[in-house]
Amino acid sequence: MRSTVASLLDRCLLTRSPGKTLIIASLGCLLGSYLIILALQIYLDSQNIYPEETGDFITINKKVKGGLLQNFNQADKAFKPDELEKISNLPGVSDIGGFSRNHFPVTVHIWPAGKIGLGSAARADLFFESISERFLDLKPEEWKWEENQSFVPIMVPKFYLDLWNFGLAPSRSEYPALSMESASSMPIEIFIGENQSVRMVGKFVAFSKRINSVLVPEQFLQWANDRYGLQKNEKFFFVWKDDEINGPPVSLRSLKEREKNGDTIMIVSEITKPEKKLKFREVKDKKTAKEDPARLIVKLDHSSGDAFFQSVKKIGYETNREQPKFDWINQAVRIVSWSVAGLGSLLSLLSLATFTSSFRLMMAQSKEIARNLIYLGFAPSEISKIFQQRFNKLFWAIFTVSLFAVFVTKVLMKKLLIDYGLELSSSLAWQTWLGGLVYALIFVRINHTVIGQTVLSFSKQGKNN
């Protein structure tokens, strides 16, 4: 019975809608709803856009000042334990590590077209550094090294490969452009020592977007420094024979060579404590005092960036952000979110005003019919419901389209951010659904209230007349 009455009322109140005004209101509502929901989704995505290992990574070093003669001795450029403690207590610092470096000359020959193929080797004096694996953005399976291994794993910055492809290769006909796959397979020769007397084979196993350095595994660098490091970095011992010191101090490296040649029973003493005799096997594997690092890498909570950089500036250190993305992402997200939300709110308010004007005009055309129906005993709420249902059909269709548009936009944003090493989830956040629903219910409620008040005004005007 109710459906029959409602159908009868719908036919009686069927009027010509204000087409242009309603189209403008619908477009404004569509765009406004889309922008408001999109702004909410952008903000939520920005909170979860960071990789599992959250934070920003920054390198720190002391400033190099003065002329050539002043900088021959680099000892004062290293960070002492008290300085490390001070940096670890700066705002936002969650982890800190030091770079280890090679103490021997390194020259590499890179054969981009293969040693048997066309072209020649690219030769360069190079350096090696190592850092704890917890600071790496890439950890390939080949990132490990053991003595007598067939090759040395090498990790270089991704922009080194870009410089090769877009800088060096176009200027040299014998050098081809390289993809990461082809660069990983090309032969690399490593020559160690001032006379390049030691030859080893290297291989690019990863191209980092975080660390601006030529990295090798910590195990290899420690082994190579012990074996081929310059004399000034060696640890020296006195060798005892017949209860007396036999000759001048001997380096740890030389003693290890003696042991390999069969001299396994050696009594030694440290040059700082010559009276304390030790069996060589007790000291050969003893780690040398750790060298103070000249460069540090800091894992920084991205929410504390401003306070951290202000503190570092006061101390006087230099920083170099390896992958400067999180700070500007936060700033950009705030600007974009508020701008989009503000524009969406303005359009929604305008569309709300246009909708109410449009439906008031529609109801004005049915004013006499509505008044007569009220005289016949129909409640104003029943008449209001007819116009409210018409509005509901139009609004929920618009709202559904706006949600779909937000989803499509998110899919496109996800594809774009992959190039920057960032990932988004594939679906809209539950907070977005909830926020969109609250927005929709408020929009519907306001229009229902306006429609109800307009119909009620018809009833009051009829009684007054």
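Colleague: Against which strands and which helix do the buried residues of H4 pack?

Modeller: Please bear in mind that this is a predicted model. The buried residues of H4 are in contact with strands E5 (122-126), E7 (152-157) and E9 (198-208), and with helix H5 (180-185).

Colleague: Which residues of H4 are buried?

Modeller: A residue counts as buried when its relative accessible area is under 20%. In helix H4, which spans residues 158-168, Leu161, Trp164 and Asn165 are buried. Viewed down the axis of H4, the buried residues lie within an arc of 85°, so they line one face of the helix.

Colleague: Which exposed residues does the face turned away from the buried side of H4 carry?

Modeller: That face carries Leu163 and Phe166, both exposed.

Colleague: How does H4 lie relative to the strands?

Modeller: H4 lies across E5, E7 and E9, and runs at about 75° to E7.

Colleague: In what order do the strands of the open sheet come?

Modeller: In general, the strands of a sheet pair through backbone hydrogen bonds, in either a parallel or an antiparallel manner. Here the open sheet has five strands in the order E5-E4-E8-E9-E7, and the pairing is mixed. E5 and E7 are the edge strands, each pairing on one side only. On average, neighbouring strands of this sheet are turned by 35° against each other, direction ignored.

Colleague: In which sense do E4 and E5 pair, and over how many bridges?

Modeller: Strand E4 (residues 106-110) pairs with E5 in the antiparallel sense, over five bridges. Ile110, for instance, has Ala122 in E5 as its bridge partner.

How values were computed: Residues are numbered from 1 along each chain as its sequence is written. This is a predicted model: local features need pLDDT of at least 70, side-chain atom pairs count only at pLDDT 80 or more; totals for chains, interfaces and linings use all residues. Side-chain values use heavy atoms; hydrogens and water are left out. Buried means under 20% relative accessible area, exposed over 50%, partly exposed in between (1.4 Å probe, protein chains only). Helices (H or I, at least four residues) and strands (E, at least two) are DSSP runs, numbered from the N terminus. The arc is that of the directions from the helix axis to the C-beta atoms. Contact means heavy atoms within 4.5 Å. Two strands pair if DSSP finds at least two bridges between them. Axes are lines fitted to C-alpha atoms, for helices over the stretch in contact, and angles run from 0 to 180 degrees between N-to-C directions.
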